[in-house]
Amino acid sequence: MEAYETIVPLYVLQAFGVSVHCVSPGRKTGDKCVMAAHDLLGLEIYTELVVDHLTLNANFDDVIPDQYDAIIIPGGRFTELLSADEKCVSLVARFAELKKLIFTSCHSQLFLAAAGLLTGGMKCTAFESMKPLIELSGGAWWQQPGVQTLFDITDCVKDGSFMSTMGWPTLGHSLRVLFESLGSKISSSKENHQPSLLFLIGDCVEDYSINVPFKAFQALGCKVDAVTPTKKRGEKCATIVHDLEDGRQLPTEKFGHNFYVTVAWDDVSVDDYDCIVVPGGRSPELLVMNPKAVELVKTFVEKGKFVAAIGMGNWLLAATGALKKKRCASSYGTKVAMKVAGGEIVELERCVTDDKLITAASTSDLPDFLYALSTALGLSVVF
């Protein structure tokens, strides 16, 4: 399954108290499913890169559709296999019969076709190769108008209890629609002000630690930008995923999705943002050697802005003095740096807030990080 289309909604929903079960037929709680990144890497069609694994937290045979509010089916080639599985197709059909929300992305609209749910001209979008199948199944193909660049791909379509998206580029807006469809209320403690966040990244930024919070805060209605000292708006930063494989002490590094810089370095004004976020991965090692990046973080600290970091992002914060006499969360990779920078590591907490500093130990702590940072910025999501 597509990693980004799985992890982003999973972590974001968990962050705001939604119970999410991940299941697969023939597998049980604790089993793993392979995830892959689908991205355009210079060929005429997307490339599939196996990145890591998702650990299931429930049993497929225990699923009772009446007890859920929605079913989310990410994209990926697993849909080719499971859309031919009668149990899976029947499960989706039962959610439809109960008028529960069905969220499909990229290629998972195959399930709608297999269950006969597209008949009658239901509006549906997907990765464009799915258009003939959707139309042959009786659906009405919908495509976002006016798309010129990847930045323009933001929309999804909802027809009754069916939501469909073309894939991971739309997840910011799609999560917003998902929240609304589930009856959530998103509010800010600051009247007439939505927070703005700047993500400081570089090549080899950790895939989930940039993509998950970036899309989450888009969904919450915030202004979000990503910048790097050496690249222009629209240029790519390579991302990485760390996968802890059996028998290894350290995780294996694999390439993830590309991430596109949204603002040029010279166009950034600290006064335009409430918070700077430094994701993990190896990009903090690159940024700590760049005086511009170090000075940018220092300026946020000096102006009393919020400063946040995930995993190895704390390496850069250590160099700026932002951690001195502050309580911090740390993974093994940043413990030495945080200690010599004067930080107080809180061993039993995976995400720590100390005044305007928010730190998370690792990517797996992203749900706690999203909740802590959104709370610090005065945002709340209530279902």
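Visitor: At what angle do helix H1 and helix H7 pack, and how far apart are their axes?
Guide: In this predicted model, helix H1 (residues 3–15) packs with helix H7 (residues 207–219) at an angle of about 55 degrees, and their axes are 10 Å apart.

Visitor: What does that make H1 and H7 to each other?
Guide: Angles from 65 to 115 degrees count as roughly perpendicular and those under 35 degrees as roughly parallel. H1 and H7 are therefore oblique to each other.

Visitor: Is the crossing of H1 and H7 left-handed or right-handed?
Guide: The crossing of these two helices is right-handed.

Visitor: And which residues make the contact?
Guide: From H1, the contact is made by Ala3, Tyr4, Ile7, Val8, Tyr11 and Val12. H7 contributes Tyr208, Asn211, Val212, Lys215 and Ala216.

Visitor: How do the residues of that contact divide?
Guide: Nine residues of the contact of H1 with H7 are nonpolar, one is polar and one is charged.

Visitor: Turning to the sheet of four strands, what is its order?
Guide: The sheet is open, with the order E3-E4-E8-E7 and mixed pairing. Strand E3 (70–73) and strand E7 (156–159) are the edge strands, each pairing on one side only. From one strand to the next, the twist averages 15 degrees.

Visitor: In which sense do E3 and E4 pair?
Guide: E3 and strand E4 (residues 101–105) pair in the parallel sense, over four bridges. Isoleucine 72 stands opposite phenylalanine 103 in E4.

Visitor: Which strands does helix H3 lie across?
Guide: Helix H3 (residues 86–97) lies across E3, E4 and strand E8 (162–165). Helix H3 runs at about 140 degrees to E3.

Note on methods
Residues numbered from 1 in each chain as written. Predicted model: local features only at pLDDT ≥ 70, side-chain atom pairs only at ≥ 80, totals over all residues. Heavy atoms only, no water. Axes fitted to C-alpha atoms, helices over the stretch in contact; angles between N-to-C directions. Parallel < 35°, antiparallel > 145°, perpendicular 65-115°, else oblique. Left-handed = near helix turned anticlockwise from the far one by under 90°. Contact = heavy atoms within 4.5 Å. Nonpolar A, V, L, I, M, F, W, Y, C, P; charged D, E, K, R; others polar. Pairing = 2+ DSSP bridges.
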